[in-house]
Amino acid sequence: MRIFKWKKLVSLMLVGVFCGSAISASAFADDDGRDQPPAKPAAAAKIEAPAPLTERERQLLDRVEQLEKRMAELEGKAQPTAAPAPASSDSSAVSTGSAVAGSAPAAAPSTVSAEPASSRVTNVATAARVQPQAMEKTATGTVKPEKAQPFAFADFTWLNGNPRTKEVPLDTKFFTPEIRADVDYVYDFAHPKDDTIGGSSEIFRSNEVHVTQMGVGGDFHYDNVRARLMTQFGLYSETTPRNDASPSRGQWNLDNAYRYLSEAYGGYHFNAMHGVNVDAGIFMSYVGLFSYYQFDNWAYQPSYVSSNTPWFFNGVRVQIFPTEHLKIEPWFVNGWQSYGRFNNRPGFGMQILWRPNGWLSVLGNQYMLGEDALNTPGRVRYHTDDSIQIKYYDNPERFLDKAAFSLTGDMGCEHGGGVSCAGNSAKGPKQSFLGYMLYNRFWFDNDKYGLTIGGGQINNPGRYLVLLPPINGATATSGTPYFTENPGDPYKAWDASGTFDWMPSQYITFRWEYNHRAANVPYFSGSGGVTPPGGNTGTPGGLVCLSGFPTCDGSPTNTWFPDLRKTENRATIAILVKF
């Protein structure tokens, strides 16, 4: 039908050109005789034979005949087509976190991190590339609207733990690049003489400029096959592996094998429901809500509920999207933030993410059955981590243009192997975890400035989730006699922080933050530091003797002691970049 209409249009145009040529020729002929007097009218009309066609007129007629013939051929070929081809759409949208993956390039997460790449899911940039009215053909030949991409119905860049970038430079059908830089300067008011900060999984040195993390990688996606790679150079490549004791079991130095990788997995996207992803490798956990990458977060130093819980898992995950508002993600992993197993049993878990609209996000992470105490088979860990985020104000026309809060609560315990979940009993002392954190954030001047106030509290008898201070080079494997993590050891802590962000571009954040942290036992670095006078001495898990004493027994007369305090105050300046 469309070809037939074009045929009529072109024919009319050519006839118009032909007539115009004849009129033009007549006009020129009249111009040639404009100085002559007008001819007298003939007395009677005389019928004469039609004048022969000029060469130009014959050419025009031949051209019309050729076009008509060509249109007829095209129209004949088009007759078998029952319907026009459906509009194409990206077969799989993904975010650096999670949503869907396939041939279409994905903008770095939404997850859904939670994908949010692991939990992060398709963000606004990805959603914009997917045509909402795309159609797909059924087995009967009819067409129906393609299912909506998960979490693409609203802008979730306001969420804590989600990157705020909406455009990805150099994005292609095959690869979505990602580059991250985290550089900071920390001022510790205690002035530890060895510039060492303990008790944090984000901040490690004071009064020095350091590259905490430099990541290069991105997402690969083609023909429903997906993969993600993100490196970790800088302090993260040293500090994250030292908190994992599993490499000490067995051979091949797993900490060295993985230390420069923060994410590394491959998988496949199935076009079922609103998408199903199956991935295997190292992926972000989003237990504790905050992202492993500071650029994505409302604050630089999260509270203990986030800082002391897993940043990553090594295993297999299945991301199931029954609707565009819901993600169900079961895990089969080696252990609790571990490269390998601690004993003979893996861990199991699940994440559920629900976003019914653009201002509410509900996240639940559950972990169970893992035996995560090194060389202690039979001690089983359980943990629940649950968060809610609400954007309660949104008015782009005002200087204060947005406000939101996040609330996270965690509970957990271990039982067996000499400890008990229920309380001190014949089975052993109570080994549990209870904590929360609350953050409120304001955005100003079209999201150019941000202000976050927050903090939290934990109670962790047995200290099984307390980060071990790096006294004399101690690691999660070695332990230290200066800060024990035995069943029944008490540990309570709380913190508060204020964070100001300047965000002149979607790709960079200038951050200023003040933190106050406190514990019921000496834990934070004091002015004397946590390094012996001559540097790390002997084995990290042993006592350090004072000079002149070949042996020591823990007495102050012959034993060196670190300077640990119950409080910590520090200020942080950071430059955070993400492309």
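Predicted model: local features only at pLDDT ≥ 70, side-chain atom pairs only at ≥ 80, totals over all residues.

User: What describes a pair of aromatic rings?

Analyst: The distance of the centres and the angle of the planes describe such a pair. Rings of Phe, Tyr and Trp (its six-membered ring) pair if their centres lie within 6.5 Å; planes under 30 degrees apart are stacked, over 60 edge-to-face, and the rest tilted. By this rule, there are 33 aromatic pairs. F500 and W512 form a tilted pair, because their ring centres are 6.0 Å apart and their planes stand at 40°. This pair joins strand 16 (residues 492-505), which holds F500, to strand 17 (residues 508-519), which holds W512; strands are DSSP runs of E, at least two residues, numbered from the N terminus.

User: Are F500 and W512 buried, partly exposed or exposed?

Analyst: Buried means under 20% relative accessible area, exposed over 50%, and partly exposed in between (1.4 Å probe, protein chains only). F500, at 34%, is partly exposed, and W512, at 38%, is partly exposed. Y523 and F524 pair edge-to-face, since their centres are 5.1 Å apart and their planes at 75°; Y523 and F524 are both buried.

User: Which charged end sits over the ring of Y265?

Analyst: A charge sits over a ring if NZ of Lys or CZ of Arg is within 6 Å of the ring centre and within 35 degrees of the ring normal. That of R317 does so, 4.7 Å from the centre of the Y265 ring.

Conventions
Residues numbered from 1 in each chain as written. Heavy atoms only, no water. Helix = DSSP H or I, 4+ residues; strand = E, 2+ residues; numbered from the N terminus.
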